[in-house]
Amino acid sequence: MAWSYRKRIKIIPSVHLNLSKRGISTSIGVKGMSVNLSSSGTRLNTNFLGFSNSYKVSGSSSPRTYSQSRPEPQTFYTELSDNIFSADIHEITSQNMAGIKESILMAQQQKAELKTDLKKIKKALTFTKTKKVASYIFIYGLVNKNIVQQINEDIIAQKEALKETQIIIDNSAINIDIQFDDPSKRKYEQLQNSFKKLTTAHKIWDITGAHFQDRVAARSSASTLVNRRDARIGFKSLPIITSNYEAIYFQNVNGADLYFYPTFILMYRNDQNFAIIGFDELNVTFSSVSFTETSIVPRDSKVIRKTWAKVNKNGTPDKRFKSNYQIPVVQYARLRFSSDTGVNEEYQISNFEFAQEFASSLQEYKSLCKELA
């Protein structure tokens, strides 16, 4: 059971993405000299007048290892802090995904340079057209036909350069073409189908903060207070990556959004600020949450009991508060994504069953990725 990749992917002229059993690397260069970037380091290769040389520029001899993370107890917010967010985006990328990130960054740099060139070509074309009009206004173009002919040739050449540069800009992206075998494809399609159901959940919240509260002092049945904001999910693609599969998308309201591609997860803020980790490196935690809901209860959620706005330690209403009223306690799903490199994102979902199905499919697919890693 394995995925089949194209061995060498051309990203932009002189930049290629190489995929093999040893991992992922990036080659940059022209005839006679190239630089290869991989998890084992950076190597300079030269070939002049029939003499070939290879020099190791940087990189350690032993690969980086990660410690096994301890299983998290199935309780709501066992580790609480005022803010819940991932590490700095530049620290999250795992070592074996550095080659892909480097390739994307170089593609974006090349794209930016090409856009600058495109502006210069457009400016030159405008000037050449103005020059042609001026040649007729000031008669010299009518007298010397060679001048107009040369100007016309320049216009044709500039238009062609404009067209070719635009084509290169449009194709300045990493092209990941995933070819599954049948068992792997079924697992991934199962994940996609479960996520499609999850997108129909009435409410998705990004949990941005949580902390304990003294229930006795607050006269509340809730021992945890959370900060949450509405978040969007769906199938979505990024312009910096072209793939035959759309990414599974989770909005992150206080950081970089999450894009789940078949072989990696990309945390994306903008074209220059993003991180990549392998699918097998992602930790997924799912649990049930009993939530005291002070807002409107979502239509796809289940009310499991009721409490009071002000309660005694034994759960009875505190009669000292004349305007005391009942509050529903709702069953929500909690989904947490984490990694040893610093991913730390949590979501609360109104439809418990759909979230449970998605989490189960995600765990199964993650296990498959770990087997194939």
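How many aromatic pairs does the structure hold? The structure holds 21. The model is predicted.

## Aromatic pairs

Two rings are described here in detail. The rings of Phe-195 and Phe-250 have centres 5.7 Å apart. Their planes stand at 50°, so this pair is tilted. Phe-195 belongs to helix α5 and Phe-250 to strand β12 (residues 247-250), so the pair ties together parts that are 55 residues apart in sequence. Phe-195 is buried, at 0% relative accessibility. Phe-250 is buried too, at 0% relative accessibility.

A tilted pair is also formed by Phe-286 and Phe-352. The distance is 5.5 Å centre to centre, with 45° between the planes. Strand β16 (residues 283-292) carries Phe-286 and helix α7 carries Phe-352, so the pair ties together parts that are 66 residues apart in sequence. Phe-286 is buried, with a relative accessible area of 17%. Phe-352 counts as buried at 12% relative accessibility.

## Ring cluster

Ring pairs also build a cluster. Its members include Phe-180, Tyr-188, Phe-195, Phe-235, Tyr-245 and Phe-250.

## Helix α5

Helix α5 covers residues 182-198, 17 residues in total. From first C-alpha to last it reaches 24 Å, close to the 24 Å expected at 1.5 Å a residue. Ser-184, Tyr-188, Leu-191, Gln-192, Ser-194, Phe-195 and Leu-198 are buried in α5. Seen down the helix axis, these buried residues fall within an arc of 165°, so they line one face of α5. On the other side, Asp-182, Arg-186 and Lys-196 are exposed.

## Nonpolar core

The largest nonpolar core has 58 residues. Phe-250, Leu-266 and Phe-337 touch the most other members. Helix α7 (residues 352-372) gives the most to this core, with eight residues.

What does Leu-266 touch, leaving out residues up to four places away in sequence? Its contacts are Ile-104, Leu-238, Ile-241, Asp-257, Leu-258, Tyr-259, Phe-274, Ala-275 and Ile-276.

## Charges over rings

Phe-274, one of the contacts of Leu-266, has a charge over its ring. The charged end of Lys-101 sits there, 5.7 Å from the ring centre. Lys-236 places its charged end over the ring of Tyr-249, 4.4 Å from the centre.

How values were computed. Residues are numbered from 1 along each chain as its sequence is written. This is a predicted model: local features need pLDDT of at least 70, side-chain atom pairs count only at pLDDT 80 or more; totals for chains, interfaces and linings use all residues. Side-chain values use heavy atoms; hydrogens and water are left out. Helices (H or I, at least four residues) and strands (E, at least two) are DSSP runs, numbered from the N terminus. The expected span of a helix is 1.5 Å times one less than its number of residues. Buried means under 20% relative accessible area, exposed over 50%, partly exposed in between (1.4 Å probe, protein chains only). The arc is that of the directions from the helix axis to the C-beta atoms. A nonpolar core is a set of buried Ala, Val, Leu, Ile, Met, Phe, Trp, Tyr and Cys residues joined through side-chain atoms within 4.5 Å. Contact means heavy atoms within 4.5 Å. Rings of Phe, Tyr and Trp (its six-membered ring) pair if their centres lie within 6.5 Å; planes under 30 degrees apart count as stacked, over 60 as edge-to-face and the rest as tilted. A charge sits over a ring if NZ of Lys or CZ of Arg is within 6 Å of the ring centre and within 35 degrees of the ring normal.
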